[in-house]
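Here is a short report on a ligand site and a helix pair. Please view the model alongside the text.

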Amino acid sequence: MIAQCRRGVLVRGVLTALFCWQAASAPASDVPYVPTPMPVVDAMLGMGGVGPDDFLIDLGSGDGRIPIRAATRFGTRGMGVDLDDHLVRTARADAQQQGVQDKVVFAARDLFDTDLTRATVVTTYLYNSVNMRLRPRLFEQLRPGARIVSHDFDFGNWQPDQKITVDVPGKAYGPPTSEIMLWVVPANFAGTWQWTLPGAAGDVRHEAKLEQKFQVLDGSVVAQGQRQRLGEPQVKGDVVSFTLSGSAGAARYTGRISGNSITGEVVRGEERPLQWRAVRIKTGKMDISAGPAHRVVIGSLIKEQ
Ligand SMILES: C[S@@+](CC[C@H](N)C(=O)[O-])C[C@H]1O[C@@H](n2cnc3c(N)ncnc32)[C@H](O)[C@@H]1O
């Protein structure tokens, strides 16, 4: 190819040189084009809870079916990016034909050069290795609570919040089923937090030390000299919940983070809910590091990375 290009440059002059330069500099596709079957598209949009207030970005959008379907069914605005110029033109034409050209745009662009900050939902049908390269960008650019819905390929040691398998008779590769997975981008709750709550003999000071790996929270709370581990800790976007046991029975905490404070409520037994406000006095780091080598599954082909 390069030899041909060199000959071409000599023989056909500037135009050929331009073509060869373009071919050499065009970014290579990371994943071949395989469309997501429409029943799977619908299941993905359902799992993502996609609605009219969302902005959906499909990374590697192919013929644009995911953003177009979201726009026609739910009025969702969105964008698709794909390296393949022909597919981008097909997607634009289909959006026009379906009357949603004002809601969805398509760009011929590398997904790794795409600004994701506007997205409330990101959809992918990419290889695991591509997802793993993408993962740090998702954490950098998406807001807590944003949803990521992937067809068949996971994000390594970041466990999905939900996963379903749907039947896909006649699927183009692998078994006749598709896996659909949902991740909700977690806010970072790691660090040292303090709050007070009224007790039988006055206010009780609490101090919690929390660690977080992706959406998985763990830690302990010290109150009145007693340390106890968080019970049933859960992070969903910017909302945290956990339980602590106390003299008045179990206390269920639920709150929303904003910067270095959490506001919410505590429910203790039959008591009326109490307001809860915690302040972070030392910020920790959410662990989003890749685990040990992850398995890459491409149809029936499995290899270690
Ligand atoms: C498996 S197809 C998925 C198409 C569509 N999202 C769907 O689910 O029907 C993957 C798409 O990603 C595109 N693609 C691969 N690498 C890309 C990259 N680095 N940037 C943008 N698009 C890319 C391919 O051209 C292909 O259309």
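## Basis

This is a predicted model: local features need pLDDT of at least 70, side-chain atom pairs count only at pLDDT 80 or more, and totals for chains, interfaces and linings use all residues. Residues are numbered from 1 along each chain as its sequence is written, and side-chain values use heavy atoms, with hydrogens and water left out.

## Ligand site

The ligand is surrounded by 21 residues (a heavy atom within 4 Å). The closest are Asp-30, Thr-36, Gly-60, Asp-82 and Leu-111. By class, this shell has 10 nonpolar, 5 polar and 6 charged residues (Ala, Val, Leu, Ile, Met, Phe, Trp, Tyr, Cys and Pro are nonpolar; Asp, Glu, Lys and Arg charged; the others, Gly among them, polar).

An N or O atom in the Asp-30 side chain is 2.7 Å from a ligand nitrogen. For a polar side-chain atom of Asp-58, the distance is 2.9 Å. Gly-60 uses a polar backbone atom, at 2.6 Å. The protein covers 98% of the 600 Å² of accessible area that the ligand has on its own (Shrake-Rupley, 1.4 Å probe).

## Helices α3 and α4

Helix α3 spans residues 38–47 and helix α4 residues 65–74 (DSSP runs of H or I, at least four residues, numbered from the N terminus). Their axes come within 10 Å and cross at roughly 65 degrees (lines fitted to C-alpha atoms over the stretch in contact; angles run from 0 to 180 degrees between N-to-C directions).

Key: A polar contact is a pair of N or O atoms within 3.5 Å; within protein, one must be able to donate a hydrogen and the other to accept it, and residues adjacent in sequence count only if both atoms are side-chain atoms. Helices (H or I, at least four residues) and strands (E, at least two) are DSSP runs, numbered from the N terminus.
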